[in-house]
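Let's take a walk through this model together.

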Amino acid sequence: MEIRSILREFEEIAKDPVSYLKTLDEQGKNIVLYTCSYVPEEVIWAFGFHPVRILGISETQELSNSHLQPYCCPAGKAILEDILSRKLPAAHVVFSNTCDTMQRISDIVRLNTDLTHFDFMVPARLDSSASKKYMEDQIINLVRFMEEISPDFQGERKDITEYSHKMSLTLELFEKIRTTILELTDLFKSIDDVTNKDIHNILFASYVMDREDFAKKIGNLLNMLKDLSLSTSNKKRIILTGSICCFSGIYEILDNAGAKVVYDDLCSGIRPYQRQVELKGNWISAISHSLLKRPICAAKYMGPFARFSYLKELIGKYNAQGIIFMVPKFCDPHLFDFPDMKKEINIPILLLETNEKNQIKGPEKTRIEAFLETI
Amino acid sequence: MDIQYRKEPIKMKSKMKEIMTNYFLEAFDAKNRGKKVAWITSGGPVEPLIAMDVIPIYPENHGAMIGASKMGDKLVSSAESLGYSCDLCSYATADIACSRGEKGPIGHLPQPDMLICCNNICSTVVKWYEIQARYFDVPLFILDTPMCHKDFTEEIKEYVQKQFDELFLFLENVCGKKMDFDTLEKVGRLSIEAQRLWQKILDTTVHSPAPMSAFDAFFHLALIVTLRGTDVCVNYYRELLDEMEDRVKNGICAVPGEKYRILWDNLPIWYKTKWLSEKFAERDVCLVADTYTSAWCSSLKYIDEDDFLGSIATAYIRIYLNQGIDIMAEEVIKMIDKYRVHGLVMHSNRSCKPYSFGQYDIQRIVREKTGLPILIIEADMLDQRSFSDAQIESRIDAFCEILGS
């Protein structure tokens with residue numbers, strides 16, 4: 001199989017995830033939606049369900065507008081619209097306490113749909129000695145939720161240790177996915193034939209596809225890419241950072257302008273895959289540890305400089321020339337960071353605020369192009 | 001005998017001003033007195049600070065003062081010039097502007113020696129305090145109180161209780177002395193007493209016509225936020241309660257022609273409290289209660305007076321805002337019954353997303369269960385630029401017509 005044909009498969013799924021999921025649904029897959037990268041999707045998978053991260057594919061806000069004010073971020077509205085419109089074939093949803101907006105959207109979904117609903121409450125503060133135990137409690141709660149919605153649940157809860165075998169197989173699969181994605185994206189920065197858009201498609205598909213199939217395909221892709229000759233790209237090296245991607249067209253704009261995204265630090269990018277789960281020992285502690293130690297989201301706290309230190313590390317590692325900070329309008333956690341980020345980071349930063357899902361107008365496109373010219 | 005109802009200013013208002021002036025004077029002089037100053041969020045646990053003789057300063061209280069002084073737009077604009085989006089919480093951005101040299105109603109706040117942030121009211125405060133921790137280069141303590149969407153659980157309690165232990169250690173480190181837990185228990189009792197008194201004061205408006213309005217409560221709230229856990233606070237509210245009871249006896253009320261009684265939801269629109277008060281009063285409408293000022297006694301039922309330390313975590317988790325919107329809607333309905341109101345006014349507050357998102361659903365639930373008319377006003381608690389006098393007045397007119405129909 002050629003590299004381009006594998007990439008095309010990912011592209012098709014990124015373009016039309018709904019058709020892909022409908023096919024899975026018809027095949028009898030039991031889909032569980034989840035909203036935040038802190039939700040350990042491996043737990044959902046281990047119970048025989050198919051985890052799908054909702055990234056907000058809706059471009060209209062007809063249903064969400066009747067629940068949320070105009071000053072709600074377009075990412076949250078798109079996620080709510082995806083759920084209320086029932087375009088994704090699922091009977092269950094797992095929310096997390098990502099931010100104030102998502103916490104209220106969780107309530108709105110619970111009150112306005114018949115989806116089986118669960119709140120996975122991640123500690124907002126990750127540096128407390130109390131966080132570890134609390135995170136482990138949340139993972140156990142998620143296990144209990146998965147038990148309850150399992151078709152073969154007879155009302156009796158198993159001892160958590162009885163899931164160790166099931167979990168160890170799953171953890172292996174998900175660890176393989178994470179390491180392959182990291183290797184792949186690392187390799188990609190030295191291969192000009194693979195575009196920014198291609199990598200975005202892979203990452204998008206990673207949240208939607210059957211994980212065994214996905215692991216196989218990215219494994220094949222990685223092997224094929226390893227055979228290619230690497231080049232020292234003379235493209236502008238950009239780090240994308242911010243919230244979830246609200247405008248997938250950015251990748252094409254950057255491709256056309258001759259820029260390489262050397263690290264996609266968006267919440268829908270590589271950042272969620274930067275966690276390593278220890279495969280030996282207590283699996284609950286291992287998942288908890290990986291979530292507490294992964295690069296933090298702007299909505300979590302691990303010291304006042306945690307986000308900036310991490311970005312500085314990325315800049316050094318990837319020799320980045322500029323940062324595009326992509327944030328949905330009204331996104332408090334990220335927008336609060338911007339002024340100090342400009343002071344702390346010593347390379348140019350472009351703030352790109354998106355007000356409507358997948359809508360970037362001419363002036364913003366010109367701003368991106370002008371930014372790339374100046375770095 | 002028919003009582004001739006009349007309106008008179010609340011006498012205790014001048015005492016409140018005097019207490020707050022002394023409080024700020026003491027805070028500004030803290031260094032000379034060898035005292036530490038802590039900035040703390042409005043829902044944060046003040047009792048451990050009082051027990052350690054630390055002066056608590058509330059930037060949100062300062063925000064209210066900025067709003068009431070109509071300085072919000074200027075300060076928010078100034079923060080915008082520093083790079084802070086106009087869509088962010090205006091309390092936060094106005095405070096940041098003041099910290100960076102802009103003058104507020106009292107100049108600026110006394111500089112902090114430490115920051116204490118509790119996210120039971122919102123997640124915004126975590127980002128806000130992070131920024132201030134970087135700017136002032138002072139230690140920051142985050143107390144993470146997970147939201148109880150549906151249920152309060154033992155694991156949440158255990159998590160927060162452990163953080164309280166960390167908070168005590170944090171305070172001991174910054175202050176260089178040990179926490180006296182007997183003193184903390186005493187402070188806890190005073191805090192509970194103040195909350196009970198505050199609840200009783202708010203409950204005097206069950207009487208019709210109400211001896212005060214929610215607009216008065218917005219003003220007299222200051223001490224339950226800033227100085228609960230002190231004798232000053234308890235004594236003040238005792239006197240205020242006496243005055244309210246006297247007003248009921250003597251026919252002194254907020255709106256002498258009170259015809260309709262209204263419940264207010266969300267923070268006040270600080271720069272328009274007088275204007276709104278007059279607009280409603282002109283239409284014989286009194287705002288008799290609100291979900292905001294009552295939040296400072298909303299967890300009273302969870303505090304054990306004989307075990308303050310053991311119940312402090314529960315008390316700070318289970319506050320009005322830190323729960324699912326269906327539970328909030330139930331609270332609103334209870335208040336509607338208790339205060340016998342004829343309608344609900346909801347302030348859709350651009351600056352406060354956890355308070356405002358979900359209001360449309362609360363509106364639907366309340367309407368279905370009570371059938372009461374509900375008005376939503378779009379504004380901002382601090383930034384005057386989000387307020388349209390003409391539009392809001394015409395909406396109030398239409399709402400009051402429905403009340404009368």
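Keep in mind that this is a predicted model. One of the residues to look for is Lys329(A), which forms a salt bridge with Asp87(B), with the closest N and O atoms 2.7 Å apart. There are also 33 residue pairs in polar contact across the interface of chain A and chain B.

Now for the area involved. Chain A and chain B bury about 4600 Å² between them, and 55% of that is on carbon and sulfur atoms. On the chain A side, Tyr71(A), Arg104(A) and Phe336(A) lose the most area to chain B, together 20% of what that side buries.

Next, step into chain A and find its open sheet of four strands, which has the order S2-S1-S3-S4 with parallel pairing. S2 (50-53) and S4 of chain A stand at the edges with a single partner strand each, so one side of each has no neighbour in the sheet. On average, neighbouring strands here are turned by 25° against each other, direction ignored.

Within the sheet, S1 (31-34) and S3 (92-96) of chain A run parallel and are joined by three bridges. Here Val32(A) stands opposite His92(A) in S3(A). H6(A) packs on the sheet, touching S1, S3 and S4 of chain A, and its direction makes about 170° with that of S4(A).

Methods:
Residues numbered from 1 in each chain as written. Chains lettered and ligands numbered in written order. Predicted model: local features only at pLDDT ≥ 70, side-chain atom pairs only at ≥ 80, totals over all residues. Heavy atoms only, no water. Buried area = accessible area lost by both parts, 1.4 Å probe. Salt bridge = Lys/Arg side-chain N within 4 Å of Asp/Glu carboxyl O. Polar contact = N/O pair within 3.5 Å; in protein donor to acceptor, adjacent residues only side chain to side chain. Pairing = 2+ DSSP bridges. Helix = DSSP H or I, 4+ residues; strand = E, 2+ residues; numbered from the N terminus. Axes fitted to C-alpha atoms, helices over the stretch in contact; angles between N-to-C directions. Contact = heavy atoms within 4.5 Å.
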